Amino acid sequence: AGFEVFTSEQARRLEISRKQPAVPDVRLIDQTGQAFRFGDWVKESNKFLIVDFIYTSCQSFCRALGTEFQQLQQSIVTRGLQNRVHLLSVSFDPEHDNYSVLKQYANHLQAKSDIWTFASVENAGDLGVLLKTFGITVIPDRQGGFQHNVALIWVSPSGHLVRVTDYDFSDPLQLLNELASIN
C-alpha cells in the first residue's frame, strides 16, 4: 500500500476508509427468524451501524466481542444514542448458527433487540461476498471452530463501510462525532 502500512490488517483498514464500499446486497436472517436485505435495512434504519463477525461456539475473541458489545449497548442507552447507532453481530457459521441459536446467544448476552441485532446469511453462498466486502478472513481450525480476524466495522447510515477499529477501542462512541461529518 505504498509503504503507508505495515500489515495486511492495516492495509484492510486503509482500503475500507478510502474506498468506503457499500454493504453487499445479501439477505440476512436475524435472531427472530426475520429475513431482510442488508443494504436496505441499514438505509431504512438511518443509523450508524457497528458490525462484528462472530460464531456462537467461539470461546476466545467472540466472547471478548460480546463483552465489548454489551458495554457499547449500555453506553448507547446511557448516552441516549438509540436513534443514532445500532449494533450488529453477524455469524459466519450459518450451518450451526441458525436464528434459534442466535436468539439463545442474544439472550445470554442480554442484548436489547432495538439496539443489538444478531444475524447470519440466509443463503450460505452469500457468505463469501459478505466476508470479502468487510475484509473478514475465516479459516476452519479442523477442530470444529475457526480462526478469524477481529475488529469493529463502522457502517454509515447510507450503507457504506467507513472505518475499522480494534474491538477494544477505548471509546467507540466518541467516534460517532467524527463519523457524523462523513454522512
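In this predicted model, Ser156 sits in the loop that links β8 (152-155) to β9 (161-165). With a relative accessible area of 2%, Ser156 counts as buried, because the cut-off for that class is under 20%. The side chain of Ser156 also has a partner in Ser158, and the polar contact between the two side chains spans 2.8 Å.

In soluble globular proteins, nonpolar side chains tend to be buried together. Here the largest nonpolar core holds 51 residues, and the members that touch the most others are Phe38, Phe53, Leu130 and Phe134. Strand β3 (residues 48-54) provides the largest share of this core, with 6 residues. Phe38 gives a handy view of the packing: leaving aside residues up to four places away in sequence, Phe38 touches Val23, Pro24, Val26, Leu28, Leu49 and Leu88, as well as Leu130 and Phe134.

Empty space inside the protein was examined as well. Rolling a probe the size of a water molecule over the atoms shows where empty space is left. The structure contains 1 cavity of 30 Å³ or more, and the volume of the largest cavity is about 30 Å³. Its lining is made up of Asp52, Ile54, Cys62, Leu65, Gly66, Ser89, Tyr105, Leu109, Trp116 and Phe118. At least two lining residues come from each of β3, α3 (61-78) and β5 (116-121), and α3 gives the largest share, 3 residues.

Notes: Residues numbered from 1 in each chain as written. Predicted model: local features only at pLDDT ≥ 70, side-chain atom pairs only at ≥ 80, totals over all residues. Heavy atoms only, no water. Helix = DSSP H or I, 4+ residues; strand = E, 2+ residues; numbered from the N terminus. Buried < 20%, exposed > 50% of the residue type's maximum accessible area, 1.4 Å probe, protein only. Polar contact = N/O pair within 3.5 Å; in protein donor to acceptor, adjacent residues only side chain to side chain. Core = buried A, V, L, I, M, F, W, Y, C linked by side-chain atoms within 4.5 Å. Contact = heavy atoms within 4.5 Å. 1 Å grid on protein atoms, 1.4 Å probe; cavity = no way out; pocket = protein on both sides within 12 Å on 5 of 7 lines; lining within 4 Å. Points joined across faces, edges and corners; volume = space filled by probe spheres on them.
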